[in-house]
Structures are given as structure tokens and as C-alpha cells.
Amino acid sequence: TVYPYIGTINPKTRGATPVIKVPGGTVGLFPSFTPDMEDMYLADRIYGFPLGGATLMVATGDVRTEPGANASAFDHDLETATPYYYQVLLEDPDVDVEYTVTDNTIYFRFTLPEGKASNLLLTFSGNANVEAKDSKTIEGSSAGGRGRSGSTGPVQHFCAELSNPAASFGTWQDGAITPGSRSASGRGIGLYASFPSTSAKEVVEMKVGLSPSSLESARGFVASEIGRRSFEQVKEEARQRWIRELGLIQVEGGTGKQRSLFYTTLHRT
């Protein structure tokens, strides 16, 4: 068993950073936790899910643009972390977040609560542009934030396809929200997709293709690597890839904890 949190506790080196990805994949993802926490495992809040030049978060109620205002408490007892799949209950909005991956895409599944309006929020770093092309498609790109040298990060293009049409969209820039707006560009921008309150829990899926080369490539990754496959099918394909990869080395003996440490370390290499 691989447990991604092994090795994250190391005061001297800040430890290893967990990641959910497939062998050889270009896309990897793990939540962003409470800032400045030396020990990721002890962090008590999730601030979002980084997608290169953007961060995705889900919240309920009125739209808020500050990351801290949307951060949510979570509990490791209500979390699943494997090399190919991640799940967590965001306790404050009562939203269950799941995702799995392919080489160049991330496949999200959100279980939204009943009786509350929910918002998917994309916050961009650096110089970016974003547009809701229709009620189920969001596209854009970001050059990332500025590094210490003053240079900008690499460009990341993305295409996100929603399984359910959003009831409305809005954007913001430097904290100023524009309800009904479907596009924004520049620095300090974001976009949200709103889903109305329902009498039962609602499942919304989101397929995200990422490409450093072009928006067309990002669209193509969603079509070719996910296509009509279900969430469970994509998850199982990713699981089988890790079984084949880690199965190249077979070990015997030792305790379950020792074998878990071995395969987690192998996974990191």
C-alpha cells in the first residue's frame, strides 16, 4: 500500500510533497493546505486544488473571492489518498470532493449538499484569461505568478467540461465581483460557476485538460484521455497503471508497515 503522506513530516527539509498522478504523467495534483504549515499532515484546512496557473475551490452561499474565506476544515478520517485517487469531505460547505487523473487531465467529482447554493471557483495567478464558452464549458490560460527573479511562470492552457450546466456565472478582478459576467482577463481575476439549491445531494463532474502548448491540446486531452469513460473507469485505469508500475519489484516478509514504507518510497522515485 502506498500512503502519500509518508515522509511529509520533516522539520529540516519540509518533507516530501504528496501528489496524485499516473506513472509518467505530466499532471499531478494534491490539495493546498493551511499556508506556512511546516507539517502538511497537521494542517487543518484545505484552501483549494491547484491546477497550474489556477486554483479550484468549491464553496456554498454567497460568492467570496478571498482564499481564506473559502478555506474549509477537513479530517483525515474522512479522506482517502492513493497514488491515483483522492477524496476528502470539505466540512464547512459539506461538499465531498473526489478526483482521479490521466496523463494530461484531472477528473473531478463533487457531491454538493442539499438545501444550499454551491459555487465552483477558479482563482488565477499571474496574467490570465478565462471564459465560460457555454453553460458547461470553461476555457482559459494563465502565465502563472511572478517568481523571485521577477519572471513569470510558464503558460498553462486549460479546458474544463462540466457534466451539469451551471445556472449562472460571474467573474471578479481584484476582489470586485461582476455577477453575470462570463469572461475576464488580466491579473487578480477569477471566475465562478453557480449551482442552485436542490432538495437532494447533487453530483457534478468536471473534466479538466491541461496543456502548456495550446488550448486545442487541452481540449484534445479531455476528448482522447477521458472521452465517454466514466469516473470509475478512469480511476480504475489509473489504479491498474500503478499496479503494473509498482509490481515491477516484488518484496516478501517484513511487516505491513515496512512494506507500505517500501512501496511509498518506490512510488516517490
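Biologist: Which residues lie nearest the centre of the second largest pocket?
Modeller: This is a predicted model, and in it those are Tyr 47, Thr 55, Met 57, Pro 67 and Thr 123.

Biologist: How does the lining of the second largest pocket split by class?
Modeller: There are 7 nonpolar and 7 polar residues, with no charged ones. The space in there is about 170 Å³.

Biologist: OK, now the largest pocket. What volume does it have?
Modeller: About 240 Å³. Its lining has 13 residues, with Thr 1, Val 2, Trp 242, Ile 243 and Leu 246 nearest the centre.

Biologist: Which helix gives the largest share of that lining?
Modeller: Helix H3 (residues 231–246), with 4 residues. By class, the lining of the largest pocket is 8 nonpolar, 4 polar and 1 charged.

Biologist: Switching topic: how many cavities of 30 Å³ or more are there?
Modeller: The count is 1. About 60 Å³ of space lies in the largest cavity.

Biologist: What lines the largest cavity?
Modeller: Leu 51, Gly 53, Ala 54, Leu 122, Phe 124, Ser 142, Gln 156, Phe 158 and Leu 210. S9 and strand S12 (156–162) each give two or more residues to that lining.

Methods: Residues are numbered from 1 along each chain as its sequence is written. This is a predicted model: local features need pLDDT of at least 70, side-chain atom pairs count only at pLDDT 80 or more; totals for chains, interfaces and linings use all residues. Side-chain values use heavy atoms; hydrogens and water are left out. On a 1 Å grid over the protein atoms alone, a cavity is a set of points where a 1.4 Å probe fits but cannot get out, and a pocket is an open set with protein on both sides within 12 Å along at least five of seven lines; lining residues have an atom within 4 Å of a point. Grid points are joined across faces, edges and corners, and a volume is the space filled by probe spheres set on the points. Ala, Val, Leu, Ile, Met, Phe, Trp, Tyr, Cys and Pro count as nonpolar, Asp, Glu, Lys and Arg as charged, and the others, Gly among them, as polar.
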